[in-house]
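Subject: The structure we talked about, with notes

Dear colleague,

Please find the structure below, followed by my notes on what was found in it.

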Amino acid sequence: MTSVLLLFAPVAAALLIPMLANRVRGIHTGWFVLAVPVLLFIYYLGFLPQVKDGGVHIGELSWIPSYGISLTSYIDGLSLLFSLLITGIGALVVLYSIFYLDKTKERLGNFYVYLLMFMTAMLGVVQSDNMIALYGFWELTSISSFLLIGYWYTRDRSRFGALKSMMITVFGGLMMLGGFVLLYLMGGTFSVRELISMAPELAEHSLFTWALILILLGAFTKSAQFPFYIWLPDAMEAPTPVSAYLHSATMVKAGLYLVARFTPIFAASEVWVWLVTSIGVLTLFWGSFFAVKQTDLKGILAFSTVSQLGLIMSMLGAAAAAFHVEGAAETMFKYAGFAAIFHLVNHAAFKGSLFMIAGIVDHETGTRDIRKLGGLMALMPVTFTIALIGSLSMAGLPPFGGFLSKELFLTGMLSLGELDLFAPASWGTVLLVAAWIASVFTFIYSFYFVFRTFTGKHKPDLLPKSAHEAPAGMLVSPAVLGLIVVAIFFVPNLVGDWIVKPAVAAVQPFMYGSPSDVDVHVAAWHGHITPELMMTIGIVIAGLALFSLLPKWQGLYRVFPEQLTLNKLYDSTMIFAESGMNRLSRSYMDGLIRSYLIYMFLGIVIIGLGSLIAKDALAVSFEGTAPIGPVEVGLLLVLVAATATTLVARKRLTAIISLGAVGYTVALLFVVFKAPDLALTQLVIETVSVALFLLAFYHLPKMSRHDEKRKFRIGNAIIAASVGLLMSLLAMSSVSQRALPSISEFYKETVYSEAGGGNIVNVILVDYRGFDTFFEIAVLSIAAIGIIAMIRLRLTRKGDGHEKQ
Amino acid sequence: MSVIIGFLFMAAVYLILSRSLLRVIIGTGLLSHGAHLLILTMGGFAGPAPPVVADGVTDYVDPLPQALILTAIVISFGVTAFFLVMAYRAYQELETDNMTLLKGNDEHD
C-alpha cells in the first residue's frame, strides 16, 4: 500500500513545490525538487537486503476490481534495479539541472513538473504488475517525454522532435496494449506474475505469437531499436539534463525492461529469441556505424545510445535462448542474462556522465559541433578527465566497468554461435561477426567523441563563447557517475551480488530459483588468455587503426543517398497522412447543411433498421391497440390531409395554416388519448406559434422552390420515405412488445402519499422531475436571449434604424 | 396510429431537406408533432382514465410519456421561435432564403 502511494510521490511533490518556490525566492526551484528522488532512493535502498535473498515486496491498491485492474507495486530484483536507477540518476540529473538551467531565464516550474511527472510514470512502469496500469504509466512516459523534448517550444526542431518521438512511441504503446489484451484473453488475468506462472500453457495458444510480436513492437519503439530508432536522435533537442535522464538512462530502457519482464513468458518461443537477438545486433551495428557520421556531440551520443540499447537487447535475446538449452545454468549460456543486466547498469552510469559532459561543453563554449571544438583539454581539465573515463568505459577498456560487461557480452555472443536454434545454422556466427564489427565502431566513436573535443587544435575564433572550466556544482553529478564507473571495475561482484543477480533471477526464473543460484563470477583477468580477450585485443587494434585514418574514410558516409533513409520515410508518411486526411474530410464536408442532414437521416435509418433486424425486435401485432372509434378516424384523416397540404402548398400562408391545423388536430388527439394537460398546453402553444409564424411571414420572402430539380426531389422523397417507414416500424414494434414494466407504477402509487398532489403529470413535472422543468425554463430563457440578441445585432451593425417591426 | 407517425416524419424530413428556409422551419414543426405522438404511442393507450387521482379510480393512463411530451412541446416552441427569428435575420442580412446559397465560405472551414 505504502509503496503504491509512493509511486505518486513525485507528482504530489510537483503540486507542493510551486508554493514553496514562490515563498522562498532567490533559491533555485531544483533544490526543493532534489529532495524527492533522494528520499525515494533511500527508501528503495531499504529493500536491497530483502530482495538480495530472493524476496519480493507487493503493495496493492484496488482500482477497478470488477475488471481485475489494480495498481500494484511489485518489487523484485528487476524492478528494484530500475527503481534505483530512476531515483538515483534522477537525483543526479536534478542536481545537474540546477546549474544547467538559469533560474532567471528558464521556466523552471514547467520543467520540474514534467520531470516529476516522468519520474512517477517511470516508477509505475517498472513496478506495475497489472498490465493495464503498466500501459497507463507507459503512455505517461511518452507524454512527459514529449513535453520535455518540446520544452524549448519556440524552436522548430524541438517541436518536430517532440512530435516524432510521440508518434513513434505512442504507436508502439498501442500495439503493446493489443498484446496485453491478447495475453488477457489467453490467461484470463492482467497480472504479469500470474501469467508467468502459467507460461507453459500460454505457449500452446494460437494467439501466442501475435501477442509476442505486438509486445515486442512496444518494446522496440520505446527502446529505439531498428527501424524505430529515428526518433531518438531528434529527441536530442531536449535540454541536456533531459537527454541524460530520459534518453539514455531511463525511459529508453523501459523497452528493455518490458522484454526482460516478459522473457519468462515468451522465452519458450523461438520467434522471440530470433527477433530479440537479431534486431538487437542489427541495431547495435547500425547505431555504432552511423555514430561516427555525426558532427553534433549529442548526435554521437544519441546514436551510441541506440547502439548500446541494441547490445543489451541482443543479450536479453540470448538470455531467452538459454531456455532452449539443457542445464543452461552450468554452461556458458548462463552469462548472457547477467551481461544484459550488468551492462544496463554500466551504460546508465557512463552514458549519463557523457551526456552531462556534452551539456557542459555546450554550456561553456556555446556549441556542440565537433568540427568547431578541439583542444579543450587544457582549458577544462576536470571535464576532460570525466569524459575520458566515460568514453573508455564505453569503448570497453580496463580499468572501467564497461570492460567487464563488454567481455561478458562477447561471451554471450560466443554462446549464441554454439546454439543450434536458428534456421540457418550459421546465423549465430553472422551475429557474432556483426557484434564484433559493431564493437570496433563503438571503439571508434568513443575515441572520436572524446579526442576530437578535447585534444587537437583549439579554435577559439569558431566558438561563440570563450571556453573555461564549468562551475564545480555542474561537475558533481558527472563526477559521481565517473567514480561509479571506476568503482564497478574494482568491485564488480559486490554490484553483481546485490543488484544484478536478483534481477537476473527475475528474468530467468526457468533457470534460477533464487538469486544465489546465479553462478556468475566477474573477473577482469581469468588467469589465461580467453577468446573474449583475444577479441577485445582485436577490437582495440582495428579501432585504433581506423580511428587514426578517420579523416580519410569519413567521407564515405556521404555516399548514402538521403532519399532512402528512414527519416525520409517518416516525413513523407506524416505529410501524406496530413494532406490525405484533409482531402478526405473536404470531400464530404461541403458546407451545405442539407448534406449534413442527409448524412444524419441516412445514419438514423441504417442504424435504426439495422438494430431492429439484428436484435430481432421487428414485431407487428394489432393486439392491445386501442379500439378505434369514428372520432379517432375523423381526426386522423384531418391530420393526414393537413400534413399533405403543407407538403404541396404553393403559398406560404397555406402552408402555415395547415401546419396550425396539424397542431390543433394533435391537440384533439391528446384529448382522445386522455391527456388533458397536453391538450391544453398544445392548444396554447399552437396558437402562439401560428401567430409567430404569421408575424415572421410578413418579413420572409415568398415561398419559392428555387427550381428544385426532379432528381433532387426524388432523392429527398426516398430519404424521407425511409425515415417515415423506420418510425412507423419503430412505433409498431414498441407497442406490440413490452420487455419491461413501466416505471410509472411508482408515480401512480406515491403521487398522493409522497407528493400530495392529484394530477400525476403535473406532480411529475414540478416535483419528481423538478430539475428537468427547471432546465427547461433555462432553455427557454436562452432562446429568448438569443432572439433578442439577434434582433439587436442588426441595430448595432447597421446603426441607421432600419426597423420594420 | 403508427402509420400516421411515419407519415408525419416523412413529410417533416422531406420539408427539411428542401431548399426554402421557411419550408425547413415548417418541417421542424411537423417533426416535433411526430415525435410527440411517437412518445405517446410508445407509452401505450391502455388505461381508461386520465392520470388524475380521483376516488374509485385505480387504473390510469401512463403519466410519464405525458410529462415528457409536455416538456417537449414547450421546448419545441422555443426552438421554432428561435428558428423563425434566425431565418428572418438571415434573410435580412443575406437577402436569400435558398439553403444552397447559405453555406459557409472557405475562410470558415
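A:Arg368 is buried, with a relative accessible area of 19%, where buried means under 20% relative accessible area, exposed means over 50% and partly exposed lies in between, all with a 1.4 Å probe and protein chains only. Please keep in mind that this is a predicted model, in which local features need pLDDT of at least 70 and side-chain atom pairs count only at pLDDT 80 or more, while totals for chains, interfaces and linings use all residues. Residues are numbered from 1 along each chain as its sequence is written, chains are lettered from A and ligands numbered from 1 in the order in which they are written, and side-chain values use heavy atoms, with hydrogens and water left out.

A:Arg368 forms a salt bridge with A:Asp296, the closest N and O atoms being 3.0 Å apart; a salt bridge here is a side-chain nitrogen of Lys or Arg within 4 Å of a carboxyl oxygen of Asp or Glu. Because A:Arg368 lies in the loop between H17 and helix H18 (381–395) of chain A, and A:Asp296 in the loop between helix H15 (270–291) and helix H16 (297–321), the pair ties together parts that are 72 residues apart in sequence. Helices (H or I, at least four residues) and strands (E, at least two) are DSSP runs, numbered from the N terminus. A:Asp296 counts as partly exposed, at 24% relative accessibility. A:Arg368 also forms a salt bridge with A:Asp362, with 3.5 Å between the closest N and O atoms, and both A:Arg368 and A:Asp362 are buried.

Over all chains, the rule gives eleven salt bridges. One of them joins the side chains of A:Asp156 and A:Arg159, at 2.6 Å from N to O. These two residues are three apart in helix H8 (residues 156–187) of chain A, which means that about one helical turn separates them. A:Asp156 counts as exposed at 54% relative accessibility, whereas A:Arg159 is partly exposed, with a relative accessible area of 43%.

What does the side chain of A:Ser142 make a polar contact with? The partner is the side chain of A:Lys222, at 2.8 Å. A polar contact is a pair of N or O atoms within 3.5 Å; within protein, one must be able to donate a hydrogen and the other to accept it, and residues adjacent in sequence count only if both atoms are side-chain atoms. A:Ser142 is found in helix H7 (residues 131–149) of chain A and is buried, with a relative accessible area of 1%. Leaving aside neighbours within four places in sequence, A:Ser142 is in contact (heavy atoms within 4.5 Å) with A:Met166, A:Thr169, A:Val170 and A:Lys222.

A:Lys406, in helix H19 (residues 401–418) of chain A, is buried as well, with a relative accessible area of 5%. With neighbours within four places in sequence set aside, A:Lys406 is in contact with A:Met394, A:Ala395, A:Gly396 and A:Ser439.

Next come the nonpolar cores, each a set of buried Ala, Val, Leu, Ile, Met, Phe, Trp, Tyr and Cys residues joined through side-chain atoms within 4.5 Å. The largest has 215 residues, of which A:Leu183, A:Phe262, A:Phe266 and A:Trp272 touch the most other members. Helix H17 (residues 335–365) of chain A supplies the largest share of this core, 18 residues. A second, separate core of 68 residues includes A:Ala655, A:Leu700, A:Ile764 and B:Tyr60.

Chain B has three helices and zero strands, and 61% of its 109 residues count as buried. The contact between the chains takes 96 residues from chain A and 78 residues from chain B. Chain A and chain B bury about 8,000 Å² between them, 76% of it on carbon and sulfur atoms; buried area is the accessible area (1.4 Å probe) that two parts lose on being put together, summed over both. Across this interface the rule finds zero salt bridges, but five residue pairs in polar contact, both residues being at pLDDT 80 or more. H30(A) gives the most to the side of chain A that touches chain B, with 16 residues.

Best wishes
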